Amino acid sequence: MAAWLDSVFFSFDYGILNAIHKFAMATGGPNSFFTWFMRFISLLGEEGICLIVTGALLCLFKKTRKVGFAVLGAMFCSAIITNITLKPLVLRTRPFNNTEVEAFRVWWEEIGATHAGAKSFPSGHTSSAMAAMGALFLTLPKKYSWTSFIFVLLTGLSRMYLMVHYPTDIIGGILAGALSAVGGYFIAMGLLALLRHHEKLKFCGALLRFDLIELCRRGKTVPAQKERESIQIAQTTQPNQTEQTTESTPDEK
């Protein structure tokens with residue numbers, strides 16, 4: 001499979017990587033703003049940690065819980081499809097480890113020699129980004145959620161810019177991520193339906209009702225309520241104490 005990809009799509013991959021590298025070197029090479037920016041975008045997708053944390057945070061609020069479940073489900077599917085299945089199956093080496101095309105390694109070194117694992121197809125960064133952003137698109141209003149795909153394009157571009165992926169790796173990552181996003185959406189819908197069906201169970205009900213914002217508000221209102229109650233008690237007991245003092249005092253003659 002790897003040999004087939006390298007031979008059939010060589011001109012396509014070489015042409016795009018060559019154009020990207022020429023742009024990178026023309027704008028300052030490894031010390032330019034574009035290189036710094038591409039490294040930052042690539043770092044955001046490292047191991048999918050930022051995306052997983054984002055999904056977990058969205059699960060803490062009622063309004064975004066479905067979105068959070070979908071993102072986490074999509075990331076789970078992406079890991080299975082990309083890292084567990086396709087990468088070991090295809091076994092495509094990175095461009096800079098391609099012994100038949102020395103130019104790829106030279107370009108990789110010129111742009112900073114970013115570290116990457118041995119397996120190239122499909123792009124795990126792009127797959128994770130597409131999975132998470134696709135889940136956002138499927139669960140949020142389409143009027144604005146389509147903008148999430150900008151991050152997918154930037155992620156794919158950053159991996160090619162740093163010379164750690166072929167363009168065909170990026171396309172494969174987008175397809176794997178899109179499939180993962182659909183899987184994550186159905187996982188979220190199924191999980192929410194299951195929780196609602198068993199809402200009477202203590203754990204399921206608590207999970208459905210939990211909201212971090214409401215919890216914080218409740219934490220602020222309880223001390224204030226106790227303070228008001230203590231003031232009311234003080235106000236009601238003070239007149240009674242005054243009356244008792246008056247009754248106990250003997251009349252002056």
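This is a predicted model: local features need pLDDT of at least 70, side-chain atom pairs count only at pLDDT 80 or more; totals for chains, interfaces and linings use all residues.
Let me begin with the largest pocket, which has a volume of about 500 Å³, a volume being the space filled by probe spheres set on grid points joined across faces, edges and corners. Of the 26 residues that line this largest pocket, Gly45, Glu46, Glu47, Gly124 and His125 are the closest to its centre. A pocket here is an open set of points on a 1 Å grid over the protein atoms alone, where a 1.4 Å probe fits, with protein on both sides within 12 Å along at least five of seven lines, and lining residues have an atom within 4 Å of a point.

Residues are numbered from 1 along each chain as its sequence is written, and side-chain values use heavy atoms, with hydrogens and water left out.

Which helix gives the most to the lining of the largest pocket? That is α5, with five residues, and α3, α5 (65-90) and α7 (124-139) each supply at least two; helices are DSSP runs of H or I, at least four residues long, numbered from the N terminus.

Turning to the second largest pocket, about 190 Å³ of space lies there, and of its 13 lining residues the closest to its centre are Asp6, Asn98, Glu100, Val101 and Tyr166.

Finally, let us return to helix α3, where Phe40 is found. Phe40 is partly exposed, with a relative accessible area of 38%, since partly exposed lies between buried, under 20%, and exposed, over 50%, using a 1.4 Å probe and protein chains only.
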